[in-house]
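This report describes selected local features of a single model. The sequence and structure are shown first, and the description follows.

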Amino acid sequence: MVEYFGEQLSMASHIVGYPRMGPKRELKFALESFWDGKSSAEDLQTVAADLRSSIWKQMADAGIKYIPSNTFSYYDQVLDTTTMIGAVPPRYNWNGGEIGFDTYFSMARGNASVPAMEMTKWFDTNYHYIVPELGPEVKFSYASHKAVNEYKEAKAVTCSGLNVLVATYFADVPADAFKTLTTLPGVAGYTFDLVRGEKTLDLIKTSFPSGKYLFAGVVDGRNIWANDLAGSLSVLESLEAIVGKDKLVVSTSSSLQHTAVDLVNETKLDDEIKSWLAFAAQKVIEVGALAKALAGQKDEAYFAANAAAQASRKCSPRVTNEAVQKAAAALRGSDHRRATNVSARLDAQQKKLNLPILPTTTIGSFPQTIELRRVRREYKAKKISEEEYIKAIKEEIFKVVQLQEELDIDVLVHGEPERNDMVEYFGEQLSGFAFTANGWVQSYGSRCVKPPIIYGDVSRPKAMTVFWSTMAQEMTKRPMKGMLTGPVTILNWSFVRNDQPRFETCYQIALAIKDEVEDLEKAGITVIQIDEAALREGLPLRKAEHAFYLDWAVHSFRITNVGVQDTTQIHTHMCYSNFNDIIHSIINMDADVITIENSRSDEKLLSVFREGVKYGAGIGPGVYDIHSPRIPSTEEIHDRINKMLAVLETNILWVNPDCGLKTRKYTEVKPALQNMVAAAKKLRAALA
């Protein structure tokens with residue numbers, strides 16, 4: 001990352017970037033109002049300008065010396081760079097000049113006539129970026145002045161100068177890359193992640209160039225735990241002896257866009273857990289406090305309170321459950337595979353389910369209407385009774401089941417109307433989790449998630465989904481999927497405790513999900529989907545660390561369903577990542593059916609099978625992109641399925657969208673699914 005930063009006469013401190021949605025998701029609501037035609041471009045720009053100004057002022061008030069500009073975005077920072085250099089694909093009919101909102105948002109979201117650009121995960125985070133389409137036909141030009149305009153805007157607020165900083169984060173920097181980075185011309189300083197890149201410290205101690213600024217990323221930009229200020233100060237003092245007092249800058253390890261915004265807005269957290277945490281606003285204060293302490297102006301009371309909170313967390317009985325730890329430790333003696341191979345299981349399942357070739361299904365969620373959100377909100381606020389709530393949710397499930405039967409979909413879902421988020425919903429019912437009221441983090445565009453906080457050992461006190469799944473199954477004779485979120489996804493989409501290895505926490509979650517899977521099976525649910533949407537994104541940046549991660553992540557998934565009968569069909573789902581390099585690990589998960597994102601990434605997944613990888617389980621590469629309002633035609637979906645049939649056997653291919661339908665409207669969902677089913681039926685007839 002190359003970043004411009006302003007210079008002020010204050011303590012040596014710096015923030016790599018800051019959440020742009022706003023403390024109450026102001027940007028989200030402004031964007032969606034603009035997209036719906038309810039407000040103007042000027043209204044959207046005003047909200048954005050106010051957010052930027054308040055962030056810069058907040059940093060200045062905290063004594064931050066180096067304040068970044070151009071870390072704001074209306075949708076995605078990579079898309080901003082793509083538009084800055086004029087790399088607009090021809091299908092958007094851009095005719096040159098300054099790129100405006102129409103072209104910008106069409107590239108991000110698609111429109112009625114053309115699809116959006118590909119979207120995939122940003123390194124190992126849950127943030128999605130828009131993938132540039134670069135080729136010989138692209139004519140580069142300076143087409144967006146956003147970076148310069150925002151620098152001028154920041155300068156007006158903070159009176160800054162201009163320097164160039166190169167920032168790298170999320171992992172250790174290899175020695176050869178470190179040498180290349182630190183010899184780049186025209187660079188004033190370097191930011192290194194010293195939270196996830198502890199080995200980089202050794203390189204700094206032996207090889208950091210003299211005369212350059214070292215921005216020491218000691219405050220974690222990826223998690224929400226309060227900094228160990230005493231430990232960080234010790235690290236900074238050792239670095240000061242190497243680079244010099246005037247060249248050392250206290251920094252976050254990465255942009256704070258991956259954390260929640262402000263702990264002040266939290267009303268649901270109890271005081272003990274709250275004392276263990278620091279959101280983006282608190283991390284700005286931590287950076288400032290460390291810089292002042294390094295300069296001999298240590299706030300003794302602030303440091304003492306921090307030390308007390310660190311000690312409280314280490315000895316709290318809420319953190320440790322010996323029974324859970326023993327159960328997780330016992331898992332290491334087995335690889336937890338189902339006794340029968342997948343081919344034999346699929347035969348047994350087909351005898352029971354009697355599905356047609358090219359069976360159709362959806363991924364899980366159906367549109368979450370304003371009315372549905374109101375019902376959940378009022379129930380949570382105790383404004384309606386449990387009886388009223390169950391009645392409303394039951395009516396919604398019935399509507400979703402009826403719609404799927406009308407569309408003639410083969411394997412149904414209940415639509416998940418009772419769920420706020422696919423991770424938060426489960427975390428709320430597991431021990432060891434805490435939840436925020438406003439801990440929103442941007443996932444993509446205006447879409448925000450509220451990650452749970454895993455602070456202690458995890459277990460399942462009681463069944464979580466059996467009531468709703470059995471209710472839905474009673475409404476239809478068709479198979480009804482029981483819908484669960486897998487342990488790796490729950491882990492990767494939460495703020496995870498940092499006092500034990502991640503794999504230990506993942507094994508604990510796997511045991512909890514295993515209990516739920518077995519209860520669903522006992523209740524008569526014959527198809528159970530265990531989503532692992534985030535398995536790929538947890539892959540470490542360094543290849544040397546891939547094998548260890550994939551071993552425990554895949555093992556965790558297998559633990560969840562090792563005990564089910566051959567006739568119980570286990571599905572999983574993955575989305576918006578590059579899966580080609582981990583296809584063998586996906587096969588090793590030993591699921592009966594995998595549905596996987598395919599359409600928005602230009603069907604890159606199919607290239608794996610063209611190259612000869614044999615896949616014997618059921619597979620449903622997505623046939624249309626659900627993150628765009630565009631409705632695909634029957635012919636388009638038909639052609640996409642035909643491409644799949646060229647590399648996959650007919651008897652293992654499923655037909656489904658890329659992902660869940662939660663963010664779409666029924667006016668988009670119904671015709672898209674109609675076209676999907678029609679395409680599948682047309683091909684069935686041709687293959688008969």
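Predicted model: local features only at pLDDT ≥ 70, side-chain atom pairs only at ≥ 80, totals over all residues.

Two backbone oxygens are reached by the side chain of H573: that of T595 at 3.0 Å, and that of D658 at 3.5 Å.

The surroundings of H573, apart from neighbours within four places in sequence, consist of I363, Q529, I530, D531, E532, A533, T595, I596, D658 and C659.

## Helix 13 and the strands it packs on

Strand 17 (569-574) also belongs to the packing of helix 13, whose buried residues lie against strand 16 (527-531), strand 17 and strand 19 (618-621). Helix 13 spans residues 342-353, twelve residues in total, and extends 16 Å from its first C-alpha to its last, close to the 16 Å expected at 1.5 Å a residue. The residues buried in helix 13 are V342, R345, L346, Q349 and L353. Because they cover an arc of only 100° around the axis, they sit on the same side of helix 13.

At its start, a side-chain oxygen of N341 comes to within 3.2 Å of the backbone nitrogen of S343. After the helix comes N354, which has a positive phi, near 55°.

## Strand 14, enclosed on both faces

Strand 14 (residues 481-485) is largely enclosed by the rest of the structure, because five of its five residues are buried. In a regular strand the side chains alternate between the two faces of the sheet. In strand 14 both faces are covered, with K481, M483 and T485 buried on one side and G482 and L484 buried on the other.

Strand 14 runs parallel to strand 16, to which five bridges join it. Within this pairing, G482 stands opposite I528 of strand 16.

Strand 7 (residues 189-193) pairs with strand 8 in the parallel sense over five bridges, and A216 in strand 8 is the bridge partner of F192. From strand 7 the chain passes through helix 7 (residues 200-207) to strand 8 in a right-handed β-α-β crossover.

Strand 8 also runs parallel to strand 9 (residues 248-252), with five bridges joining the two. Here L214 stands opposite L248 in strand 9. Together with helix 8 (residues 229-243), strand 8 and strand 9 form a right-handed β-α-β unit.

## The buried face of helix 7

Within helix 7, T200, L201, L203 and I204 are buried. Viewed down the axis of helix 7, these residues fall within an arc of 160°, so they line one face of the helix. The elements covering them include helix 6 (175-181), strand 7, strand 8 and helix 8.

Notes: Residues numbered from 1 in each chain as written. Heavy atoms only, no water. Pairing = 2+ DSSP bridges. Helix = DSSP H or I, 4+ residues; strand = E, 2+ residues; numbered from the N terminus. Right-handed = clockwise from strand over helix to strand, strands pointing away. Expected span 1.5 Å × (residues − 1). Buried < 20%, exposed > 50% of the residue type's maximum accessible area, 1.4 Å probe, protein only. Arc of directions from axis to C-beta. Contact = heavy atoms within 4.5 Å. Polar contact = N/O pair within 3.5 Å; in protein donor to acceptor, adjacent residues only side chain to side chain.
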